[in-house]
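Welcome, and please open your viewer. We will take the tour one selection at a time.

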Amino acid sequence: MKKVAILAVMVVALAAAAYSQAQVGSKIENFSLPDVDGKTQSLADLKGSKGTVVVFVSIRCPVVRGYNERLNEIAKVYKAKGITLVGIDANITEPATDVKAHAMMNWDFPVLIDKDSKIADKLGANVTPEAFYIDTDNVLVYHGAIDNDRSGRNVTEHFLQTAFDATLAGKKPARTSANAFGCTIQRTAQ
Amino acid sequence: MNSLTARIIILVAIFTIGTSLAIGQQTQKPAAPVGPAIKQIDLEGLKTVLKTDGKPRLINFWATWCDPCREEFPELVKIDAAYKGKIDFISVSLDDLEDIGTTVPKFLHEMKATMPAYLLHASDEDAAIAAITNISSDFHGSLPFTILIKPNGELAYSHAGKIHPDELNAAIAKQLSAGQ
C-alpha cells in the first residue's frame, strides 16, 4: 500500500514537472532545434555576448503580426549591444516550409522549429508572442509580454527592452515578468 | 410614330434611367454595420463586467481571429438560449478596436448571438490580463477562455480552450440548483 502511495506521488510529481513553467532566476539548459533550413542550432551557438531572448512566434497569429516590426527593431538594436533575438515556432500546425517562407518575408532574426513543442513545454510557453530573456549564464532574467500594447500605438511600458537595459547596465530588472497575451501555441493538430 | 421618333424616345428613356441610377448610387448611404452593437470597455469596465449582479455570470473571452473561439461559439449560443434569464451571459471580444463595427458584430450576427457583447480595449494589457487572472489562475493570456462566477463572486468554473458543453452545462445547472 505504501509503495502504491509513493508511486502515485511520483507520477503526480512527474506530470507536474512536465508542464511547469521556467521560473525567473532559474537556469535554462542548453537546447538544440533545427532552423527553417533544417540545420541544427543550439542556444549556445545563437547566444549573444549579453544573452539571448527567445520569442515564441507563429506565422498565423495576428498578435504576432502586429509585433513583427517591433521584433525586428528590437533584434537590430540589441544585437549591436550583445543580445540576440531568436524566434521559435512551436505550432504543430505550421510546417517548416511555410515558416521559412514567412520568416524570409517578415522576420530579421533566426527562427527555429520546435516541432514537438518540447522547448515550449520546457519553458512553459503558452502563447505567441511570449518572450524569455536568458542571460550569459543561461539564467532566465525576464519572461512574458514584449510591451503593454499589442497594437503598438499606445505603448507605455517596454517590458522586454527595460529588462535588457537594466541587465546591460549591470542591474537586476525592476520587473521580471508581465502577462503575455496572444494566440495559443498549437501543441496538437486540431 | 415614325422610326426616327421611336429611336429618340428610346434614347431619352435610356438616358433618363441611366441618370436616375447614377444619382441613386451617389446618394446611397453606406450600409450600417451588420449585427449587434458592441460596447467598448477599458480596464475599469472589465472589472465591472467581472462582478456579478445577483445571478451566476458566464463570461466568454474570444476574438474573431481565434479559430477555437469561432468553433465553440455555436455551443455558447445554445447555452445562452437554454439559460436565458437564469444566468447573465456576457461575451468579451479581445479583437482590435477597429473591428468593433465590422468583423465582431458581423460574426455575432452570423452566430445569431444575442448576449450582451463587449470589446475590451485596455491601455494596459498587462493589467487587464491580471484582472482576469485574479478571478481565475487558469488564464494564461490565450483564447478562448470561459468562466462562470457564482452570485457571491466566487469562481464556479473556468476553462482555457474550447469548452466541453457537458461540463459547462453541469456547472451552470449546479449553480442554479444551489440558488433554489
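Start with chain A and chain B together: about 1600 Å² is buried between them, and carbon and sulfur atoms give 45% of that area. Buried area here is the accessible area (1.4 Å probe) that two parts lose on being put together, summed over both. Now select Arg150(A), Asn179(A) and Phe181(A), which supply 38% of the area that chain A buries against chain B, more than any other three residues.

A word on what you are viewing: this is a predicted model, in which local features need pLDDT of at least 70 and side-chain atom pairs count only at pLDDT 80 or more, while totals for chains, interfaces and linings use all residues. Residues are numbered from 1 along each chain as its sequence is written, chains are lettered from A and ligands numbered from 1 in the order in which they are written, and side-chain values use heavy atoms, with hydrogens and water left out.

Next, show the contacts (heavy atoms within 4.5 Å): 18 residues of chain A touch 17 residues of chain B in this way.

Then pick Arg175(A) and Asp126(B), a salt bridge whose closest N and O atoms are 2.5 Å apart. The term stands for a side-chain nitrogen of Lys or Arg within 4 Å of a carboxyl oxygen of Asp or Glu. Four salt bridges are counted between chain A and chain B.

Finally, look at chain A by itself.
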